[in-house]
Amino acid sequence: MAIRKIARMGHPILAKPAKPVADPTAPHIRALVDDMIETMHDAPGIGLAAPQIYVPLRVVIFYMPQHRVDAGEEAVPLTVLVNPVITPLSDEKIGQWEACLSVPDLRGLVPRWEHIRYGGYGLDGKWFEREARGKHAGVVQHECDHIEGQLYPQRMTNLADLVFQSEFKYRENPELAKAVLKEKA
Ligand code: NI
């Protein structure tokens, strides 16, 4: 196991579609996933795609602790998806605030399908599927975009909603933004 360097926005590896994995049970795929898990926890983050550590293969990992999922939704255990596929289950998209280890210090409001089904191969070579809503669905879409060569700013519809993490407090609490404006006036 090793902590790998994380590619940052602008590196061509992040802009290219990744290749399908021929054998999800191959030892080199398990070794890749071990490194992805260690790298994700070290960063720290809740998701990572293989191209983010310079490996152009269709492998993503993610998890969601209880405090990160929507109210009423269950925490998501560490999940490995090889050659994943997403199917939207509703026409509705909702805005989600996202961050990305390849786009440090920023956050953006991104339209995402509210309800999806996703599937992929596990390291045991078995296909499995889940349904997801809200933030869980958003994380899966974010990670799967990485293997299509898409970063979240490319999905945004209004770049006025791209902000530094340190200034995000003004979006969570508009009153704070008003107070600051008053101070400056
Ligand atoms: Ni990302």
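Glycine 95 has proline 111 in β5 as its bridge partner. This is a predicted model, so let's walk through it together.

Reader: How many bridges pair strand β4 with strand β5?

Author: Happy to start there! β4 covers residues 93-100 and β5 covers residues 103-113. A hairpin of 2 residues joins the two strands. They pair in the antiparallel sense, and the number of bridges is 7.

Reader: Which residue in β8 stands opposite glycine 108?

Author: Strand β8 spans residues 162-164 and runs antiparallel to β5, with 3 bridges joining them. In β8, the residue opposite glycine 108 is leucine 162.

Reader: How many residues apart in sequence are the parts that cysteine 100 and histidine 142 tie together?

Author: Good one! The nickel ion is coordinated by Cys100 (SG), His142 (NE2) and His146 (NE2), at 2.1 to 2.3 Å. Cysteine 100 lies in strand β4 and histidine 142 in helix α2, so this pair links parts whose separation in sequence is 42 residues.

Reader: Are cysteine 100 and histidine 142 buried or exposed?

Author: Buried means under 20% relative accessible area. By that cut-off, cysteine 100 and histidine 142 are both buried.

Reader: Which element gives the most to the lining of the largest pocket?

Author: That pocket holds about 750 Å³ of space. Its lining has 30 residues, and among those closest to the centre are Trp97, Glu98 and Ala99. β4, β5 and α2 each supply at least two lining residues. With 7 residues, the top contributor is β4.

Reader: How many charged residues are in the lining of the second largest pocket?

Author: About 270 Å³ of space lies in this pocket. Its lining has 7 nonpolar residues and 1 polar residue, and the charged ones number 6.

Conventions
Residues are numbered from 1 along each chain as its sequence is written. This is a predicted model: local features need pLDDT of at least 70, side-chain atom pairs count only at pLDDT 80 or more; totals for chains, interfaces and linings use all residues. Side-chain values use heavy atoms; hydrogens and water are left out. Two strands pair if DSSP finds at least two bridges between them. Helices (H or I, at least four residues) and strands (E, at least two) are DSSP runs, numbered from the N terminus. Donors are N, O and S atoms within 2.8 Å of the metal (3.2 Å for Na, K and Ca); water is not among the atoms, so sites may look incomplete. Buried means under 20% relative accessible area, exposed over 50%, partly exposed in between (1.4 Å probe, protein chains only). On a 1 Å grid over the protein atoms alone, a cavity is a set of points where a 1.4 Å probe fits but cannot get out, and a pocket is an open set with protein on both sides within 12 Å along at least five of seven lines; lining residues have an atom within 4 Å of a point. Grid points are joined across faces, edges and corners, and a volume is the space filled by probe spheres set on the points. Ala, Val, Leu, Ile, Met, Phe, Trp, Tyr, Cys and Pro count as nonpolar, Asp, Glu, Lys and Arg as charged, and the others, Gly among them, as polar.
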